[in-house]
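Let's take a friendly walk through this model, one element at a time. Please have the sequence and the 3D view open as you read.

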Amino acid sequence: MSDEWCLIAQLDGDDGQVASVAGGLAEALGQMGAKLTRDRGVIRVYSDSEQAAAEAEQTLLGLLDETALG
């Protein structure tokens with residue numbers, strides 16, 4: 001049985017900014033085998049490995065650095 005990892009990010013920005021970050025992250029996650037859900041400013045990334053969760057976190061941080069949210 002594999003573990004499930006969840007990365008949760010609360011983003012304080014307008015809906016367009018959050019949607020942009022979520023879209024970029026969702027695109028990158030397709031290659032990692034992780035899944036993303038979004039409820040307004042809360043983004044959750046679910047993965048089945050610690051490595052995929054860590055990669056998702058680094059990708060998210062990179063996307064945030066590229067926006068006004070970072």
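## Thr37 and its strand

Thr37 sits in strand E2, which covers residues 35-39. Helices (H or I, at least four residues) and strands (E, at least two) are DSSP runs, numbered from the N terminus. This is a predicted model, in which local features need pLDDT of at least 70, side-chain atom pairs count only at pLDDT 80 or more, and totals for chains, interfaces and linings use all residues. Residues are numbered from 1 along each chain as its sequence is written, and side-chain values use heavy atoms, with hydrogens and water left out.

Thr37 counts as partly exposed because its relative accessibility is 37%; buried means under 20% relative accessible area, exposed over 50%, and partly exposed in between (1.4 Å probe, protein chains only). Leaving aside neighbours within four places in sequence, Thr37 is in contact (heavy atoms within 4.5 Å) with Val42, Ile43, Arg44 and Tyr46. From Thr37 to Trp5 it is 32 residues in sequence and 13 Å in space, C-alpha to C-alpha.

Arg40 belongs to the loop between E2 and strand E3 (42-47). Its phi is positive, about 55 degrees, although Arg40 is not a glycine. Most residues other than glycine have a negative phi. With 72% relative accessibility, Arg40 counts as exposed.

## Helix H2

Helix H2 takes in residues 50-65, 16 residues in all, and reaches 23 Å from its first C-alpha to its last. That is close to the 22 Å expected at 1.5 Å a residue, where the expected span is 1.5 Å times one less than the number of residues.

Which residues of H2 are buried? They are Ala52, Ala53, Ala56, Leu60, Leu63 and Leu64. Seen down the axis of H2, these fall within an arc of 110 degrees, so they line one face of the helix; the arc is that of the directions from the helix axis to the C-beta atoms. On the other side of H2, Glu50, Gln51, Gln58 and Asp65 are exposed. The cover over the buried residues of H2 includes strand E1 (5-10), helix H1 (15-32) and E3.

## Helix H1

H1 has 18 residues and reaches 25 Å from first C-alpha to last, close to the 26 Å expected at 1.5 Å a residue. Its buried residues are Val18, Val21, Ala22, Leu25 and Leu29, and what covers them includes E2, E3 and H2.

At the start of H1, a side-chain oxygen of Asp14 comes to within 3.0 Å of the backbone nitrogen of Gly16. After H1 comes Gly33, with a positive phi near 80 degrees.

Conventions. Polar contact = N/O pair within 3.5 Å; in protein donor to acceptor, adjacent residues only side chain to side chain.
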